[in-house]
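User: I have a model open and want to learn how to read its features. Can you take me through them one at a time?

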Amino acid sequence: MLSVLDIFRIGIGPSSSHTVGPMRITRKFVRLLARSRRLDRVARVAVELQGSLALTGVGHGTVGATILGLMGHRPETLDPDAGEAALAKLDESGRLALDGSREIAFERARDIDLAGHVIPDLHPNGMTLRAYDAAGELVLERTYFSTGGGFVASEKQLRNPPKNDRVQSASTPYEFTSAADLLALCEREGAAICEIVLANEDARRPREQTLAGLDLIFEAMDDCIDRGLEKRGVLPGGLKVQRRAPDMWDKLSANPQSNEREQLFDWLNCYAMAVNEENAAGGRVVTAPTNGAAGIIPAVIRFYCRDAEEKACRDSRRKFLLTAGAIGLLYKQRASISGAEMGCQGEVGVACSMAAGGLAALWGGTPVQVASAAEIGMEHNLGLTCDPVGGLVQVPCIERNAIGAVKAVNAARLALHRTGAESCVSLDQVIETMRQTGLDMSTKYKETSQGGLAVNVIEC
């Protein structure tokens, strides 16, 4: 049962499923050891990274994130530079303090197994963690899964999912399990999607806290754009990909009043690439709904949520995020936002769909038009593969966010031009189609770097 604030989470790059999720999992495991009063017995911890987490784990920063979680770090509060320093100290000393307290010997090569040959049946992003005492006896073993967007689940949770698949908890005033339900609620109440969602959030926490949370999310997105526009140089990982957003920014800033219509593309490209270049460098980003697709929504918000009056800007951003978040909830509940399950249609495709819906709402679209915009945004991303070159979230991921931002704007415009009959394809139908397409897609095109560009492009 999810909240909009679960869809947008502050974390670190380069991947929500490969970096944020594993860090949460290993921290969760260590905390379980502490709560069960077994932490003091632990002399060794071994982690088996399975499936996609192993196959692209090095390029996605999974190994380092796994270790930082064992140390007790949280992705939402970790300073990337402090994290790098902690990992360097570990490599030098060979000692790791579990949750910052219980010190044990630890070596990456010995204690983290990249078991790419193990493909779990429940989800391709599996992790098995084992703790041993000084005599080599097993103290605790658990299997978890990183299910996309920084969400994690235990083996028990995936094997025994809740029977009630409501998008919100039973105590919320407006429950919906589909876009059709949501649109029916909007019509019945005479309310916008953002108003329905905000009312549901009110059942979880005081409204001021929800609004403050939305403002914090936007600030983190905006700060990420600013950092990406300032930092220059080559991205880490070996592909020698040069940061391009700062040069684009310089050209745009030098001629901000250009009458060239295509410059709209340049602004969106610049903002989206700034975010994903920061993500590729391991910087602080917001899952929207994932790290690999983190640039699309911030780019659209930055360009279109502008007003001379600050309150109007703030209200526009909140409306956008609440609407986009509602669409993200539907994808998360009815399909998946994991590239390892769905391919990139589940990341960039979903982000494009969310941004299109949010922008349509901002432009005064009806709930039906908002759903239509979201449907168009996904329909033309169906089948999009996840085949990162070198296992890095760089090629084609950075440019793909720029393309997704532009496509989202066009989807919103097309939806608002529709004034007659509803679309032939509903949002629910396109979500289900994405899910079926993801299930049918070969695993070599789903975040394993075993097919597509990953094997045809040897070096940039």
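**Reading the model, feature by feature**

Analyst: The buried residues of helix 13 are I296, I297, P298, A299, V300, I301, R302 and F303. Buried means under 20% relative accessible area, exposed means over 50%, and partly exposed is in between (1.4 Å probe, protein chains only). Helices (H or I, at least four residues) and strands (E, at least two) are DSSP runs, numbered from the N terminus. This is a predicted model, where local features need pLDDT of at least 70 and side-chain atom pairs count only at pLDDT 80 or more, while totals for chains, interfaces and linings use all residues. Residues are numbered from 1 along each chain as its sequence is written, and side-chain values use heavy atoms, with hydrogens and water left out.

User: How do I describe two packed helices?

Analyst: Two numbers do it: the angle between the axes and the distance between the axes. Axes here are lines fitted to C-alpha atoms, for helices over the stretch in contact, and angles run from 0 to 180 degrees between N-to-C directions. Take helix 10 and helix 13: their axes come within 10 Å and cross at roughly 90°. Helix 10 and helix 13 are therefore roughly perpendicular. The classes are: under 35 degrees roughly parallel, over 145 roughly antiparallel, 65 to 115 roughly perpendicular, and the rest oblique.

User: Which residues make the contact between helix 10 and helix 13?

Analyst: Contact means heavy atoms within 4.5 Å. Helix 10 supplies F218, M221, D222, I225, D226 and L229, and helix 13 supplies I297, P298, A299, I301 and R302. By class, this contact has 8 nonpolar, no polar and 3 charged residues. Ala, Val, Leu, Ile, Met, Phe, Trp, Tyr, Cys and Pro count as nonpolar, Asp, Glu, Lys and Arg as charged, and the others, Gly among them, as polar.

User: At what angle do helix 4 and helix 5 cross?

Analyst: The axes of helix 4 (residues 62–71) and helix 5 (residues 80–93) cross at roughly 90° and come within 10 Å. That makes helix 4 roughly perpendicular to helix 5. On the helix 4 side, G64, I67, L68 and M71 meet G83, A86, L87 and L90 of helix 5. The class count is 6 nonpolar, 2 polar and no charged residues.

User: How many aromatic pairs does the structure hold?

Analyst: Rings of Phe, Tyr and Trp (its six-membered ring) pair if their centres lie within 6.5 Å; planes under 30 degrees apart count as stacked, over 60 as edge-to-face and the rest as tilted. The structure holds 5 such pairs. In one of them, the ring centres of W267 and Y271 are 6.0 Å apart and the planes stand at 40°, so the pair is tilted.

User: Where do W267 and Y271 lie?

Analyst: An α-helix has 3.6 residues a turn, so residues three or four places apart point the same way. W267 and Y271 are both in helix 12, 4 residues apart, about one turn of the helix. Both are buried. Another pair, F303 with Y304, is edge-to-face, at 4.9 Å centre to centre and 80° between the planes. Ring pairs also link W249, W267 and Y271 into a cluster.

User: Is E447 buried or exposed?

Analyst: At 2% relative accessibility, E447 counts as buried. E447 is in the loop between helix 19 (427–440) and helix 20 (453–456). Not counting residues up to four places away in sequence, the contacts of E447 include S15, S17, H18, E347 and C386.

User: What about the backbone: which peptide bonds are cis?

Analyst: Most residues other than glycine have a negative phi, and most peptide bonds are trans. A cis bond joins A288 and P289, with omega about 0°. Another cis bond joins V395 and P396, with omega about 5°. P289 sits in the loop between strand 9 (284–287) and helix 13.

User: Where does D99 lie, and what is its phi?

Analyst: D99 has a positive phi of about 55° although it is not a glycine. D99 lies in the loop between strand 3 (95–98) and strand 4 (102–105). At 24% relative accessibility, D99 counts as partly exposed.
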